[in-house]
Amino acid sequence: MCLRIFVALIVLIAIAVGVFALVLPRDQLVRLIIFRDFFDVTLPILAFGALVKYLCTCCSKYSCHCCSSKSCS
């Protein structure tokens, strides 16, 4: 349930920022550009972290029995 609320919140924020980009005058768009620069820097770092986590975590317990056994290193 929390994941659905989180996704709905992110979608609403994205829609609001898109509307603000269309409605706000040019001098106030500088605040939106700061958010864009923030995400330009953080998204590659988050993507790299997600890739490392994906590659270093054990596989699903339903696809192999190594993860559920205690002898797995």
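This is a predicted model: local features need pLDDT of at least 70, side-chain atom pairs count only at pLDDT 80 or more; totals for chains, interfaces and linings use all residues.
Residues are numbered from 1 along each chain as its sequence is written, and side-chain values use heavy atoms, without hydrogens and water.

Colour by burial next: 5% of the 73 residues count as buried (under 20% relative accessible area, 1.4 Å probe, protein chains only).

Switch to cartoon. The secondary structure comes to two helices and zero strands (DSSP runs: H or I, at least four residues, for helices; E, at least two, for strands).

Select α2. Its end C-alpha atoms are 40 Å apart, which agrees with the 39 Å that its 27 residues should span at 1.5 Å a residue (1.5 Å times one less than the number of residues). Then centre on Thr-42, where α2 has a kink of about 30°, shortly before Pro-44 (the angle between axes fitted to the seven residues ending there and the seven starting there).

Key. Buried means under 20% relative accessible area, exposed over 50%, partly exposed in between (1.4 Å probe, protein chains only).
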